[in-house]
Amino acid sequence: MDFFDKFKIWGLLICLISQFAHGFYLPGSYPHKYVIGDPLSVKVNSLTSIDTEIPYSYYSLPFCKPPEGVKDSAENLGELLMGDRIENSPYKFKMYTNETQIFLCQTKPLSSEEYKLLTNRIDEIYQVNLILDNLPAIRYTKRDTYYLRWTGYPIGIKVQDAYYVFNHLKFTVLVHKYEETNVASVMGTGDAAEAIPVGKPESDIPGYMVVGFEVTPCSVKHNPESLKNLKTYNNYPSTISCEENTVNMAIKENEPIAFTYDVTFVESDIKWPSRWDAYLKMEGAKVHWFSILNSLMVITFLAGIVLVIFLRTVRRDLTHYEELDKEAQAQMNEELSGWKLVVADVFRAPDNPALLCVMVGDGVQILGMAVVTIMFAALGFMSPASRGTLVTGMLIFYMILGILAGYVAVRMWRTIFSGDHKGWVSVSWKVACFFPGIAFSILFVLNFLLWGSHSTGAIPFSLFVILILLWFCISVPLTFVGGYFGAKANHIEYPVRTNQIPREIPSQKYPSWLLVLGAGTLPFGTLFIELFFIMSSIWMGRVYYVFGFLFVVLILLVVVCAEVSLVLTYMHLCVEDWKWWWKSFFASGSVALYIFLYSINYLIFDLKSLSGPVSATLYLGYSLLMVLAVMLATGTVGFLSSFWFVHYLFSSVKLD
């Protein structure tokens, strides 16, 4: 087969892949066609606030309930863990049918408890989150010459000493004409029509897709006389004046609240695949690129140091040593200095070897989960349009990668003990329980706080049982399977023998652990900019979607961690410090310390409004869990790279 034949084959494959890509559709992203007059149902999600970070059920406040009763929508595991509680609402629309002054209900006179609860939620800046056709309601507010974009709308507002509730909503539904049933044309890839057979149209009746959902809240004082004899979905008899900058409906004890709404349909040029652009407008793209450029500079600097170590120092010494005859080598052995002196101790078993193997195994599992999850998210499989899929995917990938965790931990255990099979079951069990056990303990304590606050963020007891079953029925057995294969695999042979009596480590001017802790600043420098966007998405209610940037930053972080740990390991060996095992782990793992300090800084300066000890405890608890996962993942990268470096270095030394 000549070059041109190969070129033709590759060209054909590329064409087939490109045609497949045009017809490819991400899971859960199919458009829904609505005919004029078709019913549209608005759903409600949990009330959220950046002031407390504690979500509550929409119907925990005295709002109108649907005539058919409150029903939960189907929720996945990720939604439940994130505190989402999606329920039906009384807001009902008809496709492309404008309606004005629709009466919903009038509540009972507010009791003192309801009044206090409502005013507290207004003080805590709680937002109402509505959903139509899987699109969250979006609100625009004008500031000077530009518009600010918000998801949801506030329950009410406090003006001086009075509280006002937003009881009239003006909805704007943006729709786009559904021209064809062909998926390719909907996606805006007309050239793919040749690849996908176009069937006959289902109906000649024109249909529409929902491509936008906007809301404008108003505070309106209704006339009590006009409310008499009104039923749900009746038209309010008098004109409702809705002005954004004017509030009229003050909340008072023993007085009811009436709720009304308008809905207007507007045909838009927005295509269905672009309907999430309003929520995902890229902000700070230059900052993301700056973060990546900064990481590349750090990597280049460290790579230069590593290159010097390998080419100038190590290679020069080894080449010079190999050129000597045996007698000269024996004489030189007496004059050796630096890393060559610890040749008989460098592979001596570290303190707490089982714990090290367990942490490395869990680190491999967490790092693998992060890489696979972010890669799938960057490809669009876990977009914000599919709520909860990101968390659900993380759990699934974590459980599956238990095989890899057990394999790495047990094989490392056997390597440390020169191929001994004993103890692999114990190591596998510890790997399966170490990080998940800590995570469950933290979540269990935080869950008690959420239960006490009657928050929707509290994990139901039934879900706790499901998580435990997933843990012990899937994750633990897979970890044992990996451990079994690790026990059967050949252990890594050490290139040199270890003396029975350990060599004394010379005293140092400065504690070696000080250098280890300081090493974490370099990996932290590669991710602290991206960390701000991640923290903002978690705690400020913003949507994080730049997973492509995050994937690049993750790869750069892995490279920096490997380089930092490798350089520090070489420095320790040069001063005859052969206890490199744990230091190589924490040299890169110490980045977690700086992330935790950054989290405290973010709490003090960026979450100034975070109120109450419960909110602060939740924040610190989740931050601690995140930091532990980062420490295990980055520490594992540093340890494995250092192990490879030490093994390679001393396998080149021909000493008995």
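Reader: Against which helices do the buried residues of H13 pack?

Author: In this predicted model, helix H13 covers residues 512–519, and its buried residues are Ser 512, Val 516 and Ala 519. They span an arc of only 60 degrees around the axis, which puts them on the same side of H13. The helices that these buried residues pack against are H14 (521–539), H15 (547–574) and H16 (581–589).

Reader: Staying with H16, is Ser 588 buried or exposed, and which residues does Ser 588 touch?

Author: Ser 588 is found in helix H16, and because its relative accessibility is 0%, Ser 588 counts as buried. Leaving out residues up to four places away in sequence, Ser 588 touches Cys 561, Ser 565, Thr 634, Gly 635 and Gly 638.

Reader: Which residues touch the most other members of the largest nonpolar core, and what other core lies apart from it?

Author: The largest nonpolar core has 154 residues, and those that touch the most other members are Tyr 91, Phe 93, Leu 130, Ile 155, Phe 171, Phe 213 and Phe 650. Apart from that core lies another, whose members include Phe 440, Ile 459, Leu 463 and Phe 464, and which consists of 10 residues.

Reader: At what angle do H9 and H12 pack?

Author: Two packed helices are described by the angle between their axes and the distance between the axes. For H9 (residues 389–400) and H12, Leu 395, Met 399 and Ile 400 on the H9 side meet Leu 467, Leu 470, Ile 474, Ser 475 and Leu 478 on the H12 side. By class, this contact has 7 nonpolar residues, 1 polar residue and no charged ones. The axes of H9 and H12 are 8 Å apart, and the two helices pack at an angle of about 35 degrees.

Reader: What is the handedness of the crossing of H10 and H12, and which residues of the two helices meet?

Author: The axes of helix H10 (residues 402–416) and helix H12 (residues 461–488) come within 6 Å and cross at roughly 35 degrees, and this crossing is right-handed. The residues of the contact divide into 6 nonpolar, 6 polar and 3 charged. From H10 the contact takes in Gly 402, Ile 403, Gly 406, Tyr 407, Val 410, Arg 411 and Arg 414, and these meet Leu 478, Thr 479, Gly 482, Gly 483, Phe 485, Gly 486, Ala 487 and Lys 488 in H12.

Reader: Why does Ile 403 count as partly exposed, and with which residues is Ile 403 in contact, leaving aside its neighbours within four places in sequence?

Author: Ile 403 lies in helix H10, and because its relative accessible area is 35%, Ile 403 is partly exposed. The C-alpha atoms of Ile 403 and Ser 428, which are 25 residues apart along the chain, are separated by 9.8 Å. Once neighbours within four places in sequence are left aside, the contacts of Ile 403 are Leu 478, Thr 479 and Gly 482.

Reader: Where is Ser 41 found, and which residues does Ser 41 touch, not counting those up to four places away in sequence?

Author: Ser 41 is found in strand S2, which covers residues 39–44, and with a relative accessible area of 39% Ser 41 is partly exposed. Ser 41 and Asp 133 are 92 residues apart in sequence, while their C-alpha atoms are 7.9 Å apart in space. Not counting residues up to four places away in sequence, Ser 41 touches Tyr 91, Lys 92, Ile 131 and Leu 132.

Reader: What is the phi of Ile 125, and what is the phi of Asn 352?

Author: Ile 125 lies in the loop between helix H3 (112–123) and strand S5 (127–128), and at 42% relative accessibility Ile 125 counts as partly exposed. Asn 352 has its place in the loop between helix H7 (326–333) and helix H8 (353–378), and with a relative accessible area of 51% Asn 352 is exposed. Ile 125 is not a glycine but has a positive phi of about 60 degrees, and Asn 352, also a residue other than glycine, has a positive phi near 50 degrees.

Reader: How many helices and strands are there in the protein?

Author: The protein has 656 residues, of which 49% count as buried. Among its contacts with a separation of 6 or more, 84% are accounted for by residues 24 or more positions apart. As for helices and strands, there are 18 helices and 15 strands.

Methods. Residues numbered from 1 in each chain as written. Predicted model: local features only at pLDDT ≥ 70, side-chain atom pairs only at ≥ 80, totals over all residues. Heavy atoms only, no water. Axes fitted to C-alpha atoms, helices over the stretch in contact; angles between N-to-C directions. Helix = DSSP H or I, 4+ residues; strand = E, 2+ residues; numbered from the N terminus. Left-handed = near helix turned anticlockwise from the far one by under 90°. Contact = heavy atoms within 4.5 Å. Nonpolar A, V, L, I, M, F, W, Y, C, P; charged D, E, K, R; others polar. Buried < 20%, exposed > 50% of the residue type's maximum accessible area, 1.4 Å probe, protein only. Arc of directions from axis to C-beta. Core = buried A, V, L, I, M, F, W, Y, C linked by side-chain atoms within 4.5 Å.
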